[in-house]
Structures are given as C-alpha cells and as structure tokens.
Amino acid sequence: MKTPATKTPRASGILLHPSSLPGPFGSGDFGPDAYRFVDWLANSGQTLWQILPLAEIGPGNSPYMSCSAFAGNVLLIDLSDLASHGWLHADDLTPDSRFDAHRCDFSLLHPFRIERLRRAASRFFATNDAKQKADFAAFCAEEASWLEGYALFMAISQREGGRDWSDWPAPLAQRDAGALRETAAVLADEIGFWKFCQWRFYRQWGRLKHYANQHGIQIVGDMPIFVAYNSADVWANPDLFELDAQGRPSVVAGVPPDYFSETGQLWGNPVYRWTAHEQTGYRWWIARLRQIMKQSDLVRIDHFRGFAAYWEIPSSELTAINGRWVDGPGSKLFEAMRQAVGKLPIVAEDLGVVTPDVVALLKQFHFPGMRVLQFAFSNETDNPFLPHNYEANTVAYTGTHDNDTAIGWWENMLPRDRAFIQHFLGSDGHDIQWSMMRALSASVAQRVIFPLQDVLGLGGEHRMNYPGRPTGNWTWRFTWDQMQPWQGKTLAHISAVYGRCALEFAELPQ
C-alpha cells in the first residue's frame, strides 16, 4: 500500500554535530553552548538542526562505528550539569590546558571526560537523593531492553582491554547464562557507571531537544545502516549477522569504487542476516527506529541504497574492489516499521549508485531523498543534482559531512569546470558558498541544509570527514568569534525571501 503524500513546509537548516560546538572541555557537548546555538538558529530563520549519529564513537573516533545502536555518546554529556547536582566539584571542572578550541583531540578529551564521569557516578551512588535515585531507576527500567546488555558489554570490554568480544573467555563470548550472571555480580559497580552515563546522556539530550522544539527547531538525526562488529548488538544477537563458526564476520560491508575512492570504501561492519530479521518480524530494527525517534524529529538513514542491495566484501579482502551486490530486505522492512510505529519520519541518503529498485522504494514510502550541489556540475544540464531538476520531496545540501567545504571545493575545482558553475550560479566565485546557498534556497526542494562551515566561509582544512581515511576525522570545532552577526542576518534574509523562514522578509531587520 502506498503512503499518501503530505505537504511539508519549506524549511532551511544547518548541519553541525554537537561535538563541533564550542565548550571548555575539549569538545562540544549538551551544555550552555548548545542552547546558544539553538538561539542562533532561531534568530537566523532556521528550523532544522541536522546532527551526525549521537551514538558512542568507535574506531577512528567515528560516530558511524558505534559499540551500540541504542546508547548515546557519553563524551557529549555536559559536565557543568553534573556539577549543578553536586556530583562534580569546582576543581573537577578545570580544563586541560592542552585542549584546542578549534579541534577535538580525542586522546586528551576522552580520558578527561571519562574520569569526570566516573567521579560524578561515584558521588551520585553515594548520595541519598531520593528524587534523583528514583529517576535513575525509572530510566533503567524504561530502557532495560538494551541498557542491561549494553552496560554489561561495556563492563566486560573494559575488563578485557577493549579486545573483540569473540576473543573474550568462551563462556562470555558465547553468552553462557551462568557466566553472565556471575560476571554481572562481580562487575556491578562498572555496570552501574555505564547506566549512570546513559541516564545523564538521555536526560540532557531530552532537555536540549525540547528546548530546540520550543524554539521552532526540528532535529534531523542520523542512523547508520550498519553497526560495528565489536558492539553490544552483535554480541547479543549473533544470529542476526553474517558470522562464521568462530563468531567472526564472514563478509563485511562497504561500497564499490566511486566519487570518493578509487578502491571503494571498506567499512568492515558485519552485514545483516536478513532472513533471520524477517523471521523475527524485524523486531531489532523496529526497536532501533523507536530509539532514534526519541532523539530526533526526522531520521536520516545513512546508505539507504543498502536496503535495496548492499555491497558485500569477503572479510579477507584489503579493499572494497572485490565485492558483490546482494539483495536487501526492500519494502518488507519498512512495511514492518510502518505497521509498528505509524508514519516513518525518514530521510533517505540515496547518494552513490541509485538503481530503479532504490527509486521505487523511495516512491513507495514517499521518503525524501538527498541532493548535493557539489555533485551537480558535470556540464550536463540534466544532472539530477542541479537545482532545476529537483523534486519537491527532497533535502538539498551544499555539501555533507563527507564533502569538502564549499570554499575548499571551489578552490580545488578544475578550471574547465569553473565556467559552467559561474554561469549557472551567476557568480564570479567570490563568496561562492552564498551563491550556492541561494541557489538551493530558491529551488523546489522542501528542505535545504547547509554545513555551518559554509555559513562561516571556511576553507577545506575545516571539513569534518574524508571518506576512506581511517584517522584524523571528526575533529572540527568552531568558535563564537568566527560567527559574525551579518552571517545569521544574511541567512535569515535568504530563508525569508524563498519562503523557508517563519518570519516574512519585511519583518526582518534590514
């Protein structure tokens, strides 16, 4: 059955992960600077805040390689909020002098923040605050379906030095019930610590999201299609993944050679055993969707292409070249989701190889796809990424977290391609990012989103991610002195002129 189309108001927003916010403790978090950013969004006529996955980061500090599809990134917890409850003291909040306001140095910030979280948890459990203890207990009960397994996984992983779960003692790797009970008793304090962290993460993010919604800002979340091998999800549900007799991935996920890489991208995530998911009525996926719907108003699903067919690579390969396309679950998964939760607030990341079955899946469920202006200029007027070729049910970007900034892209553009871009945008290349933002805002795309780097006019050294590069990503941060009043004012004017702002143009300060 086809989902009926509904009219979506035109909207404009900003792509910025919370870790890129200013803040004193090595990275952005859910503290005062996040609320200040929401105020800036509202004052700039924006109604969307797109983030990257809020999950725990994994290898390479990537939010797309999490140890849990349900748990939040504890490094985003606002330490000042913990101090307001008396769980941290003033001297706990003295920043490391080596912290960099312009980048996240995870080798410094991770131990600093985890140590403060441990101090806060210890003091919380030592207090007799009945109200907070009751709230903690209520959270643990509400989230028990994933929280119990996650906290146990993290506690064992900590004791085992972070090595893969398949290398743990066999009774634990194979989830022997008696061994798990015994280990849970021994590691009760460590389990309590990880539950405490998730409690504070979800309570803080819930308040921040509520504040954003009150100010007319919708959160666009991000759900990776795959999960990390060394995760609570794979450990607890090995039958749902393509693993060998030793519990290791027999095949892994990635993408074939493309715009970003001549050898493709070897992500290394285990792929799903879709027949097993179907037999359960896609229970794990439905639970996952419900969880991220608590975090966001819209959900961007990364690599949507993989639900129609995914690139499967033997685990022995060193690159993604020698893979093959394998059919995904298609409409069966989304029908099950819709039956369980109702309307699906999904944005499909449909970049890369888009085949007719992907297009059919988008149309069947009326999911908006994505268009990236940086991909548009091939000197062909029928390029689907050119704004005049958009459909209304589209989310359009100057670039995503995987792209260079607009200025960095322009500076690296081949001279032979610049003429077409200049003619199309009516620009001499000066402030190219604003020409791109105006072109998207004028399009029929119902939603447009710009990386904050483009609003700030930053070069390629400020990009967030280099696909295929295993280290050095996800570190970019901005500072408030980079944000000038004229930038927000210009953004508000553009949004108002093209009907993407709650205010009329005449209402804005000139």
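Reader: Which way do the residues of strand 6 point, and are they buried or exposed?
Author: In this predicted model, Leu298 and Arg300 point one way from strand 6 (residues 298-301), while Val299 and Ile301 point the other way, and all are buried. Buried means under 20% relative accessible area with a 1.4 Å probe and protein chains only, exposed means over 50%, and partly exposed lies in between. Strands are DSSP runs of E with at least two residues, helices are runs of H or I with at least four, and both are numbered from the N terminus.

Reader: Before we go on, what are the ground rules for the model?
Author: Residues are numbered from 1 along each chain as its sequence is written, and side-chain values use heavy atoms, with hydrogens and water left out. As the model is predicted, local features need pLDDT of at least 70 and side-chain atom pairs count only at pLDDT 80 or more, whereas totals for chains, interfaces and linings use all residues.

Reader: OK, and how many bridges join strand 6 to strand 3, and to strand 9?
Author: Strand 3 (residues 218-223) is joined to strand 6 by 4 bridges, in parallel, with Val220 opposite Leu298. Strand 9 (residues 346-348) also runs parallel to strand 6, through 3 bridges, and there Arg300 stands opposite Val347. Two strands count as paired if DSSP finds at least two bridges between them.

Reader: What is the strand order in the sheet?
Author: The sheet is open, with 8 strands in the order 9-6-3-2-1-12-11-10 and parallel pairing. Strand 9 and strand 10 (369-372) stand at the edges with a single partner strand each, so one side of each has no neighbour in the sheet. Neighbouring strands are turned by 25° against each other on average, direction ignored; axes are lines fitted to C-alpha atoms, for helices over the stretch in contact, and angles run from 0 to 180 degrees between N-to-C directions.

Reader: And where does helix 1 lie?
Author: Helix 1 (residues 32-43) lies across strand 1 (11-15) and strand 2, running at about 135° to strand 2. Strand 2 (residues 48-50) is in turn joined to strand 3 by 3 parallel bridges, where Leu48 stands opposite Gln218.

Reader: What about strand 11, what are its pairings?
Author: Strand 11 pairs with strand 10 in the parallel sense over 4 bridges, and Met370 has Val395 as its bridge partner. Strand 11 is also joined to strand 12 (residues 447-451) by 3 parallel bridges, with Tyr397 partnered by Ile449.

Reader: Switching to pockets, what is the volume of the largest one, and which residues lie nearest its centre?
Author: The largest pocket has a volume of about 1,100 Å³, and among its 41 lining residues Gln265, Trp267, Asp402, Pro467 and Gly468 lie nearest the centre. A pocket here is an open set of points on a 1 Å grid over the protein atoms alone, where a 1.4 Å probe fits, with protein on both sides within 12 Å along at least five of seven lines, and lining residues have an atom within 4 Å of a point. Its volume is the space filled by probe spheres set on the points, which are joined across faces, edges and corners.

Reader: Which strand gives the largest share of that lining?
Author: Strand 5 (residues 265-270) does, with 4 residues.

Definitions and conventions. Contact means heavy atoms within 4.5 Å.
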